[in-house]
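Work through the exercises below with the sequence and the structure at hand. Each task is followed by a solution in steps.

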Amino acid sequence: MSEEINPFESLREQVDDAAAHLDVRPGTLERLKRPERVLETNLSVELDDGSIEMFRAYRSQFNGARGPYKGGIRYHPGVSRDEVKALSGWMAYKCAVVDIPYGGGKGGIVVDPDDYSEAELERLTRAFATELRPIIGENRDIPAPDVNTGRREMNWIKDTYETLENTTEPGVITGKAPESGGSAGRVEATGRSVMLTAREAFDYLEKEIEGATVAVQGYGNAGSIAAKLLEDRGASVVAVSDSSGAAYDPDGLDAQAVKERKDETGDVVDYDAPETLSNEELLTLDVDLLVPAALENAIDADLAADVRADVIVEAANGPLTPDADDVLTERDVSVFPDILANAGGVTVSYFEWVQNRQRFYWSEQRVNDELETVIVDAFDRLTTTFEDRDLPNFRTAAYVVAIDRVLRASEQGGVWP
Ligand SMILES: NC(=O)C1=CN([C@@H]2O[C@H](COP(=O)(O)OP(=O)(O)OC[C@H]3O[C@@H](n4cnc5c(N)ncnc54)[C@H](OP(=O)(O)O)[C@@H]3O)[C@@H](O)[C@H]2O)C=CC1
Ligand SMILES: O=C(O)CCC(=O)C(=O)O
């Protein structure tokens with residue numbers, strides 16, 4: 001992983017690449033590349049031994065022209081102000097590409113959750129929710145899960161917010177447990193949109209998903225579910241990894257069994273696979289489909305030169321550096337971008353928010369059917385734009401669609417001159 005690439009600079013470059021195909025005035029272009037505001041705060045938390053520790057935390061609100069800010073909260077030692085700014089921009093363009101009525105937001109705390117007890121994490125999360133309270137709300141900014149957060153953290157944030165506001169407002173946050181107003185299908189939604197994007201991509205490229213070999217980097221929420229759903233469609237998942245390394249079986253792993261083993265021990269390499277590989281070896285395997293599902297900058301230009309997959313579907317946000325993108329475009333590798341492929345998470349978050357506001361809950365079948373419609377429509381719009389405008393790659397096509405929508409909402413809504 002190339003640590004030196006600043007994800008905020010990557011976002012800015014991606015916007016520039018797409019804006020070159022649109023009629024954007026220079027002052028407006030700069031607005032498309034910066035968040036509206038960033039909250040930076042320090043949280044003081046009492047640890048179990050009675051000592052006090054300070055944690056740095058952020059929330060970036062990128063663009064609110066299309067609706068309330070929306071996006072996850074990440075707990076990771078690598079969280080930084082620029083990372084959160086980039087992730088909030090990717091959220092704004094993601095919501096626009098699938099045409100759901102939100103702007104983009106993202107938050108994070110600089111913390112390795114493995115180093116803290118559940119009680120400490122609860123105090124940390126409630127401290128963050130207290131800081132966020134004035135700037136979130138179902139019509140203002142709606143957080144959700146991201147790396148190392150899930151139902152448990154979302155429930156704590158909802159409870160803290162509702163207690164402080166003396167209200168019931170489940171739509172203040174999504175990704176909750178069903179008992180707290182969560183939607184059916186939200187846990188699986190990100191992996192499901194990755195599978196749907198891969199299915200549509202293979203169809204578009206006139207390739208067969210059945211029997212296709214797949215490698216997945218990152219075996220958390222997004223990666224493990226994408227692997228399972230791809231396997232259900234007949235693909236052969238030959239390699240999966242986490243921060244411990246990769247499990248590899250050229251005849252195909254059992255995605256669910258690997259997940260169960262990881263749940264027990266914490267590491268995919270503890271699964272009894274014929275071979276283990278490094279993450280770099282996984283990313284350069286000769287497979288039909290590569291799914292990066294870990295963090296930003298997993299593939300830089302050097303590694304991109306060695307990628308042997310024909311198709312990449314991005315489950316993670318920002319897994320390719322802009323230089324890697326250029327190399328892969330040059331090498332004719334088809335890359336289906338994060339802002340479409342992982343948009344299932346925020347789309348089902350949107351469904352959760354709609355259900356919370358209506359106090360009327362949908363079946364899992366309805367959630368999955370509506371999600372499929374959103375992703376397939378967005379895929380078709382992306383590929384039509386790619387062809388009609390003769391664009392260099394699918395990422396640029398996705399940004400052309402998204403920027404055009406954000407621009408029109410910002411200008412016509414009177415947000416920008
Ligand atoms: N959850 C969601 O709804 C959404 C998530 N995403 C994006 O998907 C990506 C993954 O998120 P999510 O699945 O939620 O996060 P999780 O925390 O559930 O999983 C992250 C996975 O990535 C692995 N990982 C971390 N660093 C490395 C590394 N250097 N090499 C290999 N694997 C690594 C982790 O390994 P280990 O277990 O060993 O720590 C873990 O398996 C992120 O980019 C996120 O922003 C996008 C849309 C929605
Ligand atoms: O569900 C959401 O609102 C956001 C999910 C997210 O953080 C992402 O798509 O990167």
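**Exercise 1.** Divide the residues of the shell around ligand 2 by class, and state which elements supply them.

Solution. Step 1: the shell divides into three nonpolar, eight polar and three charged residues. The classes count Ala, Val, Leu, Ile, Met, Phe, Trp, Tyr, Cys and Pro as nonpolar, Asp, Glu, Lys and Arg as charged, and the others, Gly among them, as polar. Step 2: 14 residues surround ligand 2, the closest being Gly72, Ala144, Gly345, Val346 and Ser349. A residue counts as near if its C-beta atom, placed from the backbone, lies within 6 Å of the molecule. Step 3: strand 3 (69–76), helix 3 (81–97) and helix 13 (344–358) each supply at least two residues. Helices (H or I, at least four residues) and strands (E, at least two) are DSSP runs, numbered from the N terminus.

The model is predicted: local features need pLDDT of at least 70, side-chain atom pairs count only at pLDDT 80 or more, and totals for chains, interfaces and linings use all residues. Residues are numbered from 1 along each chain as its sequence is written, while chains are lettered from A and ligands numbered from 1 in the order in which they are written.

**Exercise 2.** Describe the shell around ligand 1 by residue, element and domain.

Solution. Step 1: of the 26 residues around ligand 1, Gly218, Gly220, Asp242, Ala316 and Gly345 come nearest. Step 2: the shell holds 10 nonpolar, 14 polar and two charged residues. Step 3: helix 7 and strand 7 (236–242) each give at least two residues, and helix 7 gives the most, with three. Step 4: domain 1 (36–171) and domain 2 (188–341) each contribute at least three residues; these bounds come from an automatic or database domain assignment.

**Exercise 3.** How far apart are the centres of domain 1 and domain 2, and what does the contact consist of?

Solution. Step 1: the centres, taken over C-alpha atoms, are separated by 27 Å. Step 2: six residues from domain 1 and five residues from domain 2 form the contact, where two residues are in contact if their C-beta atoms, placed from the backbone, lie within 7 Å. Step 3: the domain 1 side has five nonpolar, no polar and one charged residues.

**Exercise 4.** Describe how helix 15 packs against helix 14 and helix 3.

Solution. Step 1: helix 14 (residues 364–388) and helix 15 (residues 394–412) pack at about 105°, with their axes 8 Å apart. Axes are lines fitted to C-alpha atoms, for helices over the stretch in contact, and angles run from 0 to 180 degrees between N-to-C directions. Step 2: that makes helix 14 roughly perpendicular to helix 15. Angles under 35 degrees count as roughly parallel, over 145 as roughly antiparallel, 65 to 115 as roughly perpendicular and the rest as oblique. Step 3: Arg381, Leu382, Thr385 and Phe386 in helix 14 meet Phe394, Ala397, Ala398, Val400 and Val401 in helix 15. Step 4: the axes of helix 3 and helix 15 come within 8 Å and cross at roughly 90°, so these two helices are also roughly perpendicular to each other. Step 5: this contact, which includes Tyr93 of helix 3 and Arg405 of helix 15, has 10 nonpolar, no polar and one charged residues.

**Exercise 5.** Classify the packing of helix 7 and helix 8.

Solution. Step 1: helix 7 (residues 221–232) and helix 8 (residues 255–265) pack at about 155°, with their axes 9 Å apart. Step 2: the two helices are therefore roughly antiparallel. Step 3: Ser224, Ala227, Lys228 and Glu231 of helix 7 touch Ala255, Gln256 and Lys259 of helix 8.
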